[in-house]
Amino acid sequence: MSEKSDLKIPYDYPAAGRGALISSAKHLLREKALVTGSKALLRMNQPDGFDCPGCAWPEPGHASHFEFCENGAKAVAAETTTKRVTREFFARHTVSELLKKDGYWLEGQGRLTEPMAYDAATDHYVPISWDELYRRIGSALRSLSNPDEAVFYTSGRTSNEAAFLYQLFGREFGTNNFPDCSNMCHESSGVALNESVGVGKGTVTLEDFEKADAIFVIGQNPGTNHPRMLSELEKAAKRGCEIVVLNPLREPGLLKFLHPQHAVDMVIGKGTPIATMYLQPLVAGDFAVFTGLIKSVLERGEEILDRAFIETHTSGFETLAATVRETPWSLIEEQSGLSQAQIVMMADIYVRSKSVIACWAMGLTQNKHAVATIQQVVNLMLLRGNVGRPGAGLCPVRGHSNVQGDRTMGIYEKPSAAFLDSLDRVFGIRSPRKHGYDTVEAIAAMHEGKAKVFIAMGGNFAEATPDSAFTEDALRRCAVTAHVSTKLNRSHLITGREAYILPCLGRSEIDMREGKPQKVTVEDSMSMVHASVGRNAPASPHLLSEPAIVSRLARATLPESKTSWERFGNDYASLRDKIAETLPAFKGFNQRIEEPGGFYLGNAAAERRWQVEGGKARFTVMPMPVLKLPDGALRLMTMRSHDQYNTTIYGLDDRYRGIYGERRVVFLNPLDIESRGLVAGDRIDLIRNGEDGVERVAENFKVVEYDIPKGCAGAYFPETNVLVPLSSFADKSQTPLSKFIPVTLRKR
C-alpha cells in the first residue's frame with residue numbers, strides 16, 4: 001500500500017528566522033553540547049576565535065558577536081558534542097555490524113578519542129599507540145615499489161598549515177597523487193576560469209556585493225549550503241539590487257529571508273524578498289540559458305556592448321558572436337526548458353545593470369559540459385566588462401571552509417612547475433614532475449592494484465565519491481587505508497588489509513604544542529586569509545593536531561629527511577615562514593594574520609591582468625551541446641538536505657522542502673508522477689542503465705511532488721552516488737556527473 005499521509009509539509013515562512021534559532025538549539029541539545037557549543041558559537045568567526053568548520057563564505061573584517069548561521073551551529077554542535085567513541089565502543093561492535101548502520105547513526109556516536117587499528121581476525125578496531133601506528137604506516141609506505149602506489153587524499157576543511165605539510169610530505173616521498181574534494185565539486189570552476197581569465201578563483205570580494213546592481217545566483221541553494229550568503233543578498237535586495245535566480249527547484253531560501261539576529265525583524269516576522277526573478281531551467285540546461293542570454297544581448301546592437309573593454313582586454317569575441325548568432329532560438333528553448341521571452345527578460349536586467357556579479361555552485365559544475373557552461377557565464381560577463389571593476393565579477397561559491405586554501409597550499413595532482421621549483425628551492429628536495437591521480441583516477445588505480453596505500457586527511461571518501469560499490473571494492477583492495485578524522489564515518493569501515501583511524505583535534509579546540517598555543521589559518525572563497533584559534537578543551541587527551549600527525553608520519557616514513565618535521569609539527573609559525581618563502585603572495589605571513597580580518601591574497605583577473613596565453617581574457621567557444629535521454633528517462637540531480645553538510649548528516653529533516661524524518665525521497669513534477677501511474681507516497685527504485693552495460697539501482701525511494709520542471713528529478717546524496725559510474729565525468733575537469741543522471745523509475 002502506498003504511504004500518502006503527512007508526506008510533505010509545505011514551508012511558507014521566510015528562510016532562517018525563528019526556524020533557524022530553534023533548529024540550532026535542537027542540535028546543541030541533541031549533541032549534549034548546549035553549554036560548550038553555545039560558548040564556541042560566540043567565538044566562531046571572531047578575530048580571536050576559530051573559523052567556522054562549515055562553508056567557505058567569508059565573514060566581515062570586523063565580525064559581530066553573532067557571525068554564524070544555522071548550519072555553522074550544526075557543525076559546531078557536532079564538533080563540541082560530549083558523546084564519545086571509545087575503545088569500549090569498538091569492543092562492543094564489529095566492523096561488519098557497524099557497516100549495517102547509516103552515516104547519520106555513525107557520526108551521531110560522537111568524537112573519536114584514540115588511535116585505532118583494524119584487527120581482521122576479530123573484525124574489531126583495537127587501540128594502538130601513536131608511535132606504533134606511525135611505524136606501521138611508515139613501513140608500508142617505504143615498502144612500496146614506487147611512490148605513485150600511494151594516494152594522499154585531502155578534505156577541504158584541512159588548515160593551510162596541515163595542507164602544506166601534507167603536500168610537502170607527499171612530494172618529498174615522491175608522488176603528486178593528491179586527489180581532493182575539489183575534484184568532485186568545483187574542479188570545473190577552476191579549469192574554466194583558468195582557461196578564460198587566468199585565475200581559477202573568484203574575482204569578487206564582499207565589498208563588491210555592496211555595489212552590485214544585479215546578482216545572478218545560478219545552480220546554487222545558499223539557504224541550505226551557504227546560509228550566511230543570504231544576509232548579503234538581503235542587504236543587496238533592500239537597497240534595490242536585482243537578484244536573478246536560476247535553479248531547477250523552487251527553493252524557499254531564495255524567495256524570502258528573515259535574519260535571525262535582527263531583533264526588530266524577528267518581532268515583526270516579515271522577511272525580505274530575495275529573488276527579483278526566479279526561473280527554473282531543465283537540469284543541465286544552463287549552457288543553453290547563457291547562450292540565449294548572450295544572443296539576446298547581441299541582438300540589441302553594438303551600443304550595449306563594452307567595446308573598449310572587449311578590444312583592450314579580450315580575444316575571441318567575433319568567433320563567439322558568430323557561433324551564438326547562428327544558434328536558433330528554438331534549440332535554445334528546447335535545451336534550456338525556458339522560453340525566449342523569459343531569457344529576454346533576464347537579459348533586460350543584465351543590460352540595465354552597470355555592475356553584475358555571477359554566482360554559481362555545483363548545479364553548474366557537475367554535468368558533462370560543466371567547464372563550457374561556466375565559460376559561457378564568463379562570456380556573458382565579458383560582453384559588458386563585468387570582470388575587474390567594483391560591484392562586478394565572477395563568484396564560484398565553494399563549500400568546505402578551506403577547500404580554496406588547500407589548493408593554494410599545493411594540494412593538486414597537476415602542480416605548476418613554478419610551484420614545484422619554489423618548493424624544491426626552499427626545502428632542498430626534488431619534487432616529482434609527473435602528474436598524479438585525481439579522485440576518479442585514484443579510485444581506478446586502487447581498483448587495478450596500481451595504488452596500494454590510501455591516506456585521507458579528513459573527509460568521508462567512500463561516501464563522497466561516485467560509483468559507491470566500485471569505490472568501496474577499490475578501497476578494500478588496498479594494503480593500507482588510514483583516515484585522519486574527528487568522528488566515525490563509513491570510510492573507516494571500508495578497510496584495506498590494514499586500516500587505521502587517526503583521531504585529530506577539531507577546529508574549535510585548543511591546540512597546544514610543547515606548552516605553547518598554536519593557531520592555524522584558512523582561506524575563504526574570496527581569497528581572504530585569516531587565523532583560527534581553538535578555545536575549547538580537546539575531546540580527549542589522546543588527540544593530536546593535523547600538522548602534528550602529518551609531521552610525525554613524515555618522519556616515520558622519511559627517517560633520513562633533512563626537513564625539520566619535528567619543528568614544523570610543534571611550531572606552526574616557523575612553518576608559515578617557510579610557506580612565505582615558497583609562495584610570494586604570503587610574504588610576511590605571520591605578521592599579516594594579526595591584522596583584523598586577515599589579509600587579501602589579491603587576484604590578477606580582478607585587476608584586469610590576464611594570466612592567459614596572449615595576455616587577454618578569452619571568449620571561449622563551443623557549439624550548443626544537445627542533451628538527449630533514453631525513452632522514459634528523467635534527468636536526476638543530486639543535492640543536500642537542509643540537515644546535511646556534504647556527506648555529514650546532522651538530522652533527517654529538510655525543513656525548507658517540507659521533508660521530516662526521511663532521506664530516501666525523490667522529488668518529481670506532478671505530471672511525471674501521473675504519467676508513470678504513480679501517486680505521491682509510492683515507493684520506487686531509481687534505475688540507471690550505464691554506458692558500461694551495468695544496471696545501477698538506488699532502492700526504496702518515496703515519491704514526493706515538488707515544483708521542479710517536467711522531465712527532471714531530485715534526490716539526496718550520498719544515497720544516489722551509486723547511480724554515477726566512475727566513467728561518467730565532466731569534460732576537462734573529470735568531475736563526476738551528479739547533476740545529469742538519466743534514470744527510470746520502477747515501482748516496488
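Q: Is Lys211 buried, exposed or partly exposed, and what is its relative accessibility?

A: By convention, buried means under 20% relative accessible area, exposed over 50%, and partly exposed in between (1.4 Å probe, protein chains only). At 48% relative accessibility, Lys211 counts as partly exposed. Before we proceed, note that this is a predicted model, in which local features need pLDDT of at least 70 and side-chain atom pairs count only at pLDDT 80 or more, while totals for chains, interfaces and linings use all residues. Residues are numbered from 1 along each chain as its sequence is written, and side-chain values use heavy atoms, with hydrogens and water left out.

Q: Where does Lys211 lie, and which residues does Lys211 touch?

A: Helices (H or I, at least four residues) and strands (E, at least two) are DSSP runs, numbered from the N terminus. Lys211 is in the loop between α10 (206-209) and β7. Contact means heavy atoms within 4.5 Å. Not counting residues up to four places away in sequence, Lys211 touches Arg239, Ser355, Pro390 and Gly391.

Q: How many bridges join β7 to β13, and which residue of β13 is the bridge partner of Ile215?

A: Strand β7 (residues 214-218) is joined to β13 by five bridges, and the two run parallel. Ile215 has Ile357 as its bridge partner in β13. With strand β8 (residues 242-246), β7 also pairs in the parallel sense over five bridges; there, Ala214 is partnered by Glu242. Four bridges link β13 to strand β14 (residues 393-396), again in parallel, and Trp360 stands opposite Pro396 in β14.

Q: Why is strand β13 largely enclosed by the rest of the structure?

A: Five of the five residues of β13 (residues 356-360) are buried, so this strand is largely enclosed. Both of its faces are covered: Val356, Ala358 and Trp360 are buried on one side, and Ile357 and Cys359 on the other.

Q: What is a nonpolar core, and which residues touch the most other members of the largest one?

A: A nonpolar core is a set of buried Ala, Val, Leu, Ile, Met, Phe, Trp, Tyr and Cys residues joined through side-chain atoms within 4.5 Å. The largest such core has 58 residues, of which Ile218, Leu293, Met346 and Leu383 touch the most other members. Helix α20 (residues 370-383) gives the most to this core, with nine residues. Apart from it lies another core, of 57 residues, including Ile128 and Phe586. Leaving aside neighbours within four places in sequence, the contacts of Ile218 include Leu246, Phe290, Trp360 and Val377.

Q: How is a charged residue in the interior read, and which side chain of opposite charge is nearest to Lys295?

A: Lys and Arg count as positive and Asp and Glu as negative; His and the chain ends are not counted. A salt bridge is a side-chain nitrogen of Lys or Arg within 4 Å of a carboxyl oxygen of Asp or Glu. Lys295, in helix α14 (residues 286-298), is buried yet has no salt bridge, and Glu299, the nearest side chain of opposite charge, is 4.0 Å away.

Terms used: Pairing = 2+ DSSP bridges.
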